[in-house]
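Here is a short report on how this chain packs. Keep the sequence and the 3D view open as you read.

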Amino acid sequence: MNRATVVSEALELLDDVGLEDVSTRRLARRLGVEQPSLYYHFRTKKDLLAAMAEAAMAPHAHAPLPEPEDDWRSWFLDNSRSFRRTLLMRRDGARLHAGSTPTGDLDRIRRKMAFLVASGVPELQAQTAMLAAGRFTVGCVLEEQADVDTPDAADLPDDVPALGHEAAFEAGLALILGGLEQHTVAPGAR
């Protein structure tokens with residue numbers, strides 16, 4: 001048993017029982033070991049959850065970084081969609097990720113930010129938009145993963161649009177992008 005095996009089994013346990021029921025006792029039983037042996041790899045359950053969150057984000061963390069010739073708007077949308085898809089890959093993926101710190105991803109975040117700034121997005125607005133898009137995405141996925149009974153469109157008031165989860169996500173993402181465009185200048189116009 002090594003750290004990677006523990007994390008992999010913990011993620012499988014997450015998918016089977018949900019975040020609420022993930023425990024070191026259940027994980028040890030699943031691995032066929034005594035519970036204290038898990039503490040060799042993770043001192044606390046919080047440490048285990050952080051490693052699980054990082055591993056669960058691997059598909060997004062290994063997505064291609066933007067190239068200088070890429071359109072920043074398309075990249076911004078694709079990056080947020082990739083994040084959403086990754087969160088949806090795991091049961092309670094958004095809850096697992098919420099509050100985690102992207103310690104292993106800092107260089108990639110810096111490169112994404114540098115790309116936006118080089119594309120004409122002011123640094124403060126780039127940081128704010130990336131943070132807002134990330135939190136918006138987590139919130140949307142939290143709602144989607146908690147959704148057991150989607151309200152019937154006929155039950156909604158006439159002035160409330162009946163958007164599915166993906167359509168609502170795309171609409172909100174477009175609003176964030178539209179706001180960001182208001183602060184952006186063409187690179188040659190600076």
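Start at Arg90. Setting aside neighbours within four places in sequence, Arg90 is in contact with Leu11, Glu12, Leu14, Asp15, Ala56 and Gln145; contact means heavy atoms within 4.5 Å. Arg90 sits in the loop between H5 and helix H6 (93-97). Its relative accessibility is 19%, so Arg90 counts as buried. Buried means under 20% relative accessible area, exposed over 50%, and partly exposed in between, with a 1.4 Å probe and protein chains only.

The model is predicted: local features need pLDDT of at least 70, side-chain atom pairs count only at pLDDT 80 or more, and totals for chains, interfaces and linings use all residues. Residues are numbered from 1 along each chain as its sequence is written, and side-chain values use heavy atoms, leaving out hydrogens and water.

Asp92 is not a glycine, yet its phi is positive, about 60 degrees. Asp92 has a relative accessible area of 13%, so it is buried.

**Overall fold**

The protein has 9 helices and 0 strands. Helices (H or I, at least four residues) and strands (E, at least two) are DSSP runs, numbered from the N terminus. Along the sequence the pattern reads α-α-α-α-α-α-α-α-α. Of the 190 residues in the protein, 35% are buried. Take contacts between residues at least 6 apart in sequence: 75% of them join residues at least 24 apart.

**Nonpolar cores**

In soluble globular proteins, nonpolar side chains tend to be buried together. A nonpolar core here is a set of buried Ala, Val, Leu, Ile, Met, Phe, Trp, Tyr and Cys residues joined through side-chain atoms within 4.5 Å. The largest one has 18 residues. Leu11, Leu14, Leu27, Leu48, Met52 and Leu96 have the most contacts inside it. Helix H1 (3-17), helix H2 (24-31) and helix H3 (45-56) each supply at least two residues of this core. H1 gives the largest share, 6 residues.

Which residues does Met52 touch, not counting residues up to four places away in sequence? Met52 touches Val7, Ala10, Leu11, Leu14 and Leu96. Apart from this core lies another, of 17 residues; Trp72, Trp75, Met113 and Val121 are among them.

Two packed helices are described by the angle between their axes and the distance between the axes. Axes are lines fitted to C-alpha atoms, for helices over the stretch in contact, and angles run from 0 to 180 degrees between N-to-C directions.

Helix H5 (residues 72-88) and helix H9 (residues 165-181) have axes that come within 11 Å and cross at roughly 145 degrees. This crossing of H5 and H9 is right-handed. A crossing is right-handed if the near helix is turned clockwise from the far one by less than a right angle, and left-handed if anticlockwise. On the H5 side, the contact includes Trp72, Phe76 and Arg84; on the H9 side, it includes His165, Phe169 and Glu181. The contact residues of H5 with H9 divide into 8 nonpolar, 2 polar and 6 charged. Ala, Val, Leu, Ile, Met, Phe, Trp, Tyr, Cys and Pro count as nonpolar, Asp, Glu, Lys and Arg as charged, and the others, Gly among them, as polar.

H5 also packs with H8, at an angle of about 35 degrees and with the axes 10 Å apart. H5 passes H8 in a right-handed crossing. Residues of H5 including Trp75, Phe83 and Leu88 meet residues of H8 including Ala129, Val141 and Gln145. By class, the H5 contact with H8 has 10 nonpolar, 5 polar and 2 charged residues.

**Aromatic pairs**

A search of the whole structure finds 2 aromatic pairs. Rings of Phe, Tyr and Trp (its six-membered ring) pair if their centres lie within 6.5 Å; planes under 30 degrees apart count as stacked, over 60 as edge-to-face and the rest as tilted.

| Pair | Centres apart | Plane angle | Class |
|---|---|---|---|
| Trp75 and Phe115 | 5.5 Å | 70 degrees | edge-to-face |
| Phe136 and Phe169 | 5.7 Å | 10 degrees | stacked |

Trp75 in helix H5 and Phe115 in helix H7 (residues 106-118) are 40 residues apart. Both Trp75 and Phe115 are buried. Phe136 in helix H8 (residues 123-146) and Phe169 in helix H9 are 33 residues apart. Phe136 is partly exposed, at 23% relative accessible area, whereas Phe169 is buried, at 1%.
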